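Try each task on your own before reading the solution below it.

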Amino acid sequence: PAIAVSRGDLRPGTERHGPGRREQAVRGSLVLAETGLAVVLVVWSALLSRDLVSMAQDDGGFRSEGIVSAQLNIRSRPDGRSEETIQTFYRTLEERARTLPGVTSVALATELPYTGSALITMMTPEGVEVPEEGEWMPIVGVAGDWFETLGVRIVQGRPFGGAEDVDRRVAVVNEAFVRRYWPDRSPLGLTVAGGGSQVDDDEAFEVVGVIADIRTSPGETPPPKIYVPSVYETTARMNLILETSGPVDVPIAALRVVVAELDPGLPIARVETLEAVVEDALSTPTFYATLFSSFGLTALLLALVGVYGTTAYATASRAREIGIRVALGEARERIVARVLRRTGVIVAGGIAVGSLGALAASRIGADALRLVEPSDPTTYLSVAAVVLSAALVAAWVPARRLTRVDPAQTLRRET
């Protein structure tokens with residue numbers, strides 16, 4: 001408007017009541033572009049928020065309530081430790097931990113859920129063609145009541161750890177392992193040899209069970225994984241996992257006393273509940289969802305302000321025309337409907353452009369989504385409905401206000 005006035009085209013007798021077509025086109029284009037940009041951000045904030053909710057509700061394959069873990073690394077001692085000494089230490093620690101107050105079950109593992117794979121090794125599944133040196137795959141050494149403590153679901157067969165497994169090389173694999181290597185066979189009784197084809201079969205593990213997949217991070221597809229008794233995967237760093245029936249402070253304090261008695265000066269690292277582990281794993285998705293949501297809501301608010309402002313300006317500039325129409329008996333509702341129809345067409349165009357932009361952005365942002373597709377139709381339709389409804393409300397307010405003015409006052413003011 002300032003540019004139009006600065007041109008000096010407003011000569012006596014040439015005034016127009018209401019905006020011209022060119023002016024309407026410029027304002028409409030600005031609203032369309034602003035709406036389109038807002039839709040892109042709102043769609044992606046909605047996708048990330050839905051993905052975050054899905055990850056929070058997703059079954060990770062383990063139980064986190066009432067579980068606390070403590071990490072120990074016996075090799076941190078200056079004199080080092082032999083394999084036999086390490087096994088003796090953790091076996092004694094497991095036995096002592098069972099007597100701690102408030103502890104209902106105890107387990108040991110080389111890794112925790114949602115913390116990635118601590119160990120990988122060369123393995124050769126029976127009947128599967130792999131490179132001669134074998135194939136790298138994650139392996140987890142566990143001991144104690146690991147299956148029961150974490151609430152791991154047994155899909156086939158049984159867990160190991162009973163009297164029948166003493167001095168036997170047995171293993172349990174996850175569902176991803178079966179899908180990858182034995183999709184058409186029963187895995188029970190098959191073997192997984194360590195290393196490649198030249199390794200002695202006496203070192204192979206017999207599969208006695210299959211467990212449900214345990215995710216390595218929220219929403220991420222688990223890799224094939226094999227679980228074996230920790231005596232066959234001896235590591236100096238182990239995670240002690242305790243299931244507690246009350247506050248975790250009491251058993252942790254008692255655990256520190258036990259560790260000090262077994263090995264004075266050995267530190268206990270990363271004492272945390274599994275619920276805290278889950279929360280930490282969700283921290284990055286939460287950050288991005290919050291960031292995009294703030295951008296999306298801000299952009300939507302600016303777009304609605306733009307719709308309101310342009311509609312208010314357009315209706316105010318047509319005050320004389322609207323006053324004449326009302327004076328001649330045209331229904332106020334028809335005038336409002338005409339304004340809303342014009343605004344709806346522009347905003348719908350912005351929604352279409354923004355939706356195409358959001359789909360184009362999926363090539364860049366698809367990696368940020370784990371459980372929700374970047375082209376999820378529910379999200380796009382929901383955002384379109386919200387943006388269109390909000391824009392129509394923003395346009396309805398000034399249009400309705402102007403039609404309520406007394407036409408006589410409007411015409412008197414214009415003369």
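The model is predicted, so to speak: local features need pLDDT of at least 70, side-chain atom pairs count only at pLDDT 80 or more, and totals for chains, interfaces and linings use all residues. Residues are numbered from 1 along each chain as its sequence is written, and side-chain values use heavy atoms, with hydrogens and water left out.

**Exercise 1. The whole chain**

Find how many helices and strands the chain has, and what share of its residues is buried.

*Solution.* Start with the secondary structure, where helices (H or I, at least four residues) and strands (E, at least two) are DSSP runs numbered from the N terminus. The chain has 12 helices and 11 strands. Next, take burial: buried means under 20% relative accessible area, exposed over 50%, and partly exposed in between, with a 1.4 Å probe and protein chains only. Of the 415 residues in the chain, 43% are buried. Finally, look at contacts, meaning heavy atoms within 4.5 Å. Among those between residues at least 6 apart in sequence, 82% join residues at least 24 apart.

**Exercise 2. Helix 3**

Work out which residues of helix 3 are buried, and what they pack against.

*Solution.* First check the span, for which the expected value is 1.5 Å times one less than the number of residues. Helix 3 covers residues 83-97, and its 15 residues reach 21 Å from first C-alpha to last, close to the 21 Å expected. Then pick out the buried residues: Ile-86, Phe-89, Tyr-90, Leu-93, Glu-94 and Ala-97. Seen down the axis of helix 3, these fall within an arc of 130°, so they line one face of the helix; the arc is that of the directions from the helix axis to the C-beta atoms. An α-helix has 3.6 residues a turn, so residues three or four places apart point the same way. On the other side of helix 3, Glu-84 and Glu-95 are exposed. Last, the packing partners of the buried residues are strand 1 (67-73), strand 2 (103-109), strand 4 (135-144), strand 10 (237-244) and helix 6 (249-262).

**Exercise 3. Helix 6**

*Solution.* Helix 6 has 14 residues and spans 20 Å between its first and last C-alpha, close to the 20 Å expected. Its buried residues are Pro-251, Ile-252, Leu-255, Val-258 and Val-259. Viewed down the axis of helix 6, they fall within an arc of 115°, so they line one face. Asp-249 and Glu-261 are the exposed residues on the face turned away. The buried residues of helix 6 pack against strand 1, helix 3, strand 2, strand 10 and strand 11.

**Exercise 4. A pocket and a cavity**

Describe the linings of the second largest pocket and of the largest cavity by residue class.

*Solution.* Begin with the terms. On a 1 Å grid over the protein atoms alone, a cavity is a set of points where a 1.4 Å probe fits but cannot get out; a pocket is an open set with protein on both sides within 12 Å along at least five of seven lines, and lining residues have an atom within 4 Å of a point. Ala, Val, Leu, Ile, Met, Phe, Trp, Tyr, Cys and Pro count as nonpolar, Asp, Glu, Lys and Arg as charged, and the others, Gly among them, as polar.

- The second largest pocket is lined by 29 residues, with Val-142, Ala-143, Gly-144, Pro-229 and Val-231 nearest its centre.
- That lining divides into 14 nonpolar, seven polar and eight charged residues.
- Helix 3 gives the most to the pocket lining, with five residues.
- The lining of the largest cavity has six nonpolar, two polar and three charged residues, including Tyr-114 and Trp-146.

**Exercise 5. Positive phi**

Is Tyr-114 buried or exposed, and where is its place in the chain?

*Solution.* Tyr-114 sits in the loop between strand 2 and strand 3 (120-125). Its phi is positive, about 65°, although it is not a glycine. With a relative accessible area of 11%, Tyr-114 is buried.
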